[in-house]
Amino acid sequence: MLLEMAAEGDPDRVVLGSHDAGITASDLLERSRRAAIYFEKSGAEVVGYFGLNEDTLPVALFGAALAGIPFAPLNYRAPDEQLRGILGRVAGGIMIADDQEVDRLNGIGATNVLTKAEFAAAIAEPVTGEHPFVDPEEIAVLLFTSGTTSEPKAAILRPRHLVSYIISSVEFLGCEPTEAQLICVPSYHIAGIAAVLSSLYAGRRIMYLPAFEAGSWVQLAADEHVTHAMVVPTMLGRILNAIEETNTELPSLRHLSYGGGRMPLELVERTLTDMPHIDLVNAYGLTETSSTIAMLTPDEHREAFASEDPVIRARLGSVGRPLPALEVEVRDIDDAPVAPGEKGEIWVRGEQVAGEYVGNNVLTDDGWFRTRDAGSFDEHGFLYVDGRLDDVIVRGAENISPGEIEEVLMLHTAVAEAAVIGIPDAEWGEAVAAVVVLHPNGEVTEVDLQVWVKERLRSTKMPGVVAFRDELPYSPTGKLLRRVLRDELSASGS
Amino acid sequence: MAIQLKAGARLRSAVDACEVVVVKAPADPVDLRCGGHPFLPADAEPASETIVDGFEGGTQLGKRYSDDELGLELLCTKAGEGAISVGETILAVKGAKPLPASD
C-alpha cells in the first residue's frame with residue numbers, strides 16, 4: 001500500500017540508487033509486482049534475505065508483502081550453529097543470498113537458495129494485473145532478535161503495525177526531491193526495514209552503503225549529496241574522525257538520526273560542536289514496536305546543548321519524548337506507573353506496537369508491551385533509558401546475550417564459573433567483559449580465553465577484558481549479581 | 001446510510017477515483033460519504049454518481065481525514081474531486097505536525 005501510494009503520488013521520482021541512474025517509484029512497484037508473482041509461483045512460505053544491503057532488498061521486501069508472504073532478513077554475521085536453528089524456522093521458504101554466502105548456506109541445511117543475480121533474472125519478464133493491497137493482518141516481516149536467552153526469538157511485524165508507524169510519523173511525499181537518505185544499518189535490524197518504508201513514503205531517495213566503513217560512508221555521502229542518514233553510536237565517532245582526517249565537506253548533509261544503543265554524551269556534544277548546522281535526532285525504539293517510539297528532536301538537542309540549567313542540559317542524554325500516537329509509561333515491579341524521576345521498566349502501547357513472537361503474543365490484555373528496558377521520565381516528560389533489564393549487552397547496535405558467551409567459557413577445562421557483563425565503553429557504548437573463577441588446578445590466561453571465545457563464536461563476542469576472581473557474587477536466591485561485577489569492573493577500568 | 005467500519009478496510013468513492021483506508025474506526029456505524037454519496041467497498045463495481053453540490057473540494061493522496069469526536073480516521077490512497085463527509089459534515093485534513101526523520 002505504501003509503495004502503491006508512492007508510485008501514484010510521484011511515479012517518476014527516483015527512490016532508490018543514484019540520482020541519475022536510480023530506480024523510480026513506478027519502476028520499484030513494477031519490480032515488486034514481478035517479485036510477488038515469482039514468490040507466489042514458487043510456493044514459498046517465507047522469503048529469506050541473507051546478505052548486504054542492496055537495491056534487491058526493497059524489491060524482495062515489497063514483493064513478499066504484495067504476495068502476502070513473510071519477509072525474513074537474517075543476520076549473516078551469525079555463527080553457523082545459530083543459523084542452522086534459524087534456517088530450520090524459515091524452512092519451506094526461499095532464500096535470496098549474496099554470491100559468497102551460497103555455499104555456506106547450502107552447507108548448513110538451507111534449501112532453495114537463490115543468488116541476487118538469479119533472483120533478478122527470475123523477475124526480468126513483465127507481468128500484468130494488479131495485486132490487491134496487503135492484508136493488514138498477514139505477517140509482513142519476521143526479525144530474529146537476540147533475545148534474553150541465546151535462542152533467538154522471531155519477532156512478528158504485521159502490515160498494520162508498520163503502516164500505523166509510517167502514516168502516523170511520516171508526512172506523505174513531505175520531503176523535497178533533492179533529499180537522499182544513506183542507509184548503512186543492516187536489513188536484519190528493524191531500523192534497516194523502517195528506513196526503507198519511511199524514506200519511500202516521505203519521497204526521499206534511498207542510497208545503500210552495503211557494508212559500513214567510515215571512509216566509504218563519507219565518500220558516498222559527498223558524491224551522492226546525501227541529506228539524511230541514520231547511524232548507530234559506533235558509526236558516528238568513526239564518521240566524525242573520517243570527516244576530519246580526509247577534510248571532506250558534506251554541505252548537503254543536514255540531518256543525522258542515531259539510535260540502536262547508548263550514545264556516549266561526548267560524541268553528541270562533539271557532533272553539535274563540529275557540525276552545528278546538522279539536525280540531530282535521537283531515536284529510541286525496539287524491533288517489537290516497529291522502530292521509533294520516542295525521539296529527541298533537533299531543536300531539543302540545540303536547546304539542551306546551549307543550556308546552563310543542568311536539568312535541560314541533561315536532556316542530551318535522554319531519548320526525548322514519546323511519539324504523539326503512543327502511550328509510554330515507566331512502571332515499578334508491581335506494574336504500577338511511577339512518578340517522574342523514579343526508575344522502573346518502560347511500557348508502551350499503540351497501533352504500531354506488535355509485541356508478538358512466533359507462537360507467542362506478549363501484549364497485555366489491554367495492549368501494553370513491556371520493553372524490558374529500564375528507564376525514567378523527568379518532570380517535563382523526557383525519557384531516559386538505562387539499558388536492558390535482562391543484561392543483554394548492547395555493543396554498537398548489536399545485542400549480545402551473556403549466556404551464550406558464558407556457556408562457551410565454561411566449556412574450557414580450566415574454568416569453573418563464568419559471568420559475562422557489559423561495561424561502559426566510549427567507542428561501542430558497551431563492551432563485553434568476562435569474570436571467571438578457575439578450577440583449583442586450572443591454569444589459563446586472559447588471551448587464551450579471548451581466543452577460545454573468538455574461535456567458537458565470533459570476534460564481536462570476544463570479551464575485551466577477562467578478570468579472574470576467587471568467587472562470583474550471588475544473591476541469597478542464587479542469582480548471579482551481574483550489577484556488582486559491572487560496578488567493580490567499571491570502577492576499576494580493567 | 002450508515003456503515004460499520006473496520007480498521008484496515010478499504011473503500012472507494014461512488015463519484016470519483018478516490019480510495020481510502022480506514023485507520024481508526026468508530027464503534028458505531030457512520031454515514032460516511034464521498035462527494036455526497038455513500039462510500040462503496042473497494043471491490044465494488046465503479047459507480048458513476050455525480051458530486052452533490054456542496055460536497056466538492058477534493059481529496060489529496062496521502063492525507064489523513066479525521067473526526068476526533070467520532071474516533072474516525074481515514075487515509076486517502078487515491079485522490080478524487082469529491083469531499084469526504086460524515087452525513088453533511090465535511091471532514092478536515094488531519095493537521096499533524098510532521099516529525100523529524102528518525103530512521
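**Close-up 1. A:Thr246 in helix H10 of chain A.** A:Thr246 is found in helix H10 of chain A. The model is a predicted one. A:Thr246 has 13 C-beta neighbours inside 10 Å, so A:Thr246 counts as partly exposed. A residue would need 20 or more such neighbours to count as buried, and 12 or fewer to count as exposed. A:Val218 lies 28 residues from A:Thr246 in sequence. In space, the C-alpha atoms of A:Thr246 and A:Val218 are 9.0 Å apart.

**Close-up 2. The crossing of helices H9 and H10 of chain A.** Helix H9 of chain A spans residues 214-223, and helix H10 of chain A spans residues 233-246. Their axes come within 8 Å and cross at roughly 70°. H9(A) and H10(A) are therefore roughly perpendicular to each other. The crossing is right-handed. From H9(A), the contact is made by A:Ala214, A:Gly215, A:Trp217 and A:Val218. H10(A) brings A:Arg238, A:Ile239, A:Asn241, A:Ala242, A:Ile243 and A:Thr246. By class, the residues of this contact divide into six nonpolar, three polar and one charged.

**Close-up 3. The largest nonpolar core and the surroundings of A:Leu2.** The largest nonpolar core has 154 residues. A:Leu2, A:Val47, A:Ala60 and A:Phe71 have the most contacts inside this core. Helix H8 of chain A, residues 190-202, gives the most to the core, with ten residues. A:Leu2 is in contact with A:Val163, A:Ile166, A:Leu197, A:Leu200 and A:Tyr201, leaving aside its neighbours within four places in sequence.

**Close-up 4. The side of chain A that touches chain B.** Here 31 residues of chain A are in contact with 16 residues of chain B. Several elements of chain A give two or more residues to this side. The helices are H1 (2-9), H7 (159-169) and H8. The strands are E11 (228-231), E12 (255-258), E13 (279-286) and E14 (291-296). H8(A) supplies the largest share, five residues. By class, this side of chain A has 17 nonpolar, ten polar and four charged residues.

Terms used. Residues numbered from 1 in each chain as written. Chains lettered and ligands numbered in written order. Predicted model: local features only at pLDDT ≥ 70, side-chain atom pairs only at ≥ 80, totals over all residues. Core = buried A, V, L, I, M, F, W, Y, C linked by C-beta atoms within 7 Å. Helix = DSSP H or I, 4+ residues; strand = E, 2+ residues; numbered from the N terminus. Contact = placed C-beta atoms within 7 Å. Axes fitted to C-alpha atoms, helices over the stretch in contact; angles between N-to-C directions. Parallel < 35°, antiparallel > 145°, perpendicular 65-115°, else oblique. Left-handed = near helix turned anticlockwise from the far one by under 90°. Nonpolar A, V, L, I, M, F, W, Y, C, P; charged D, E, K, R; others polar.
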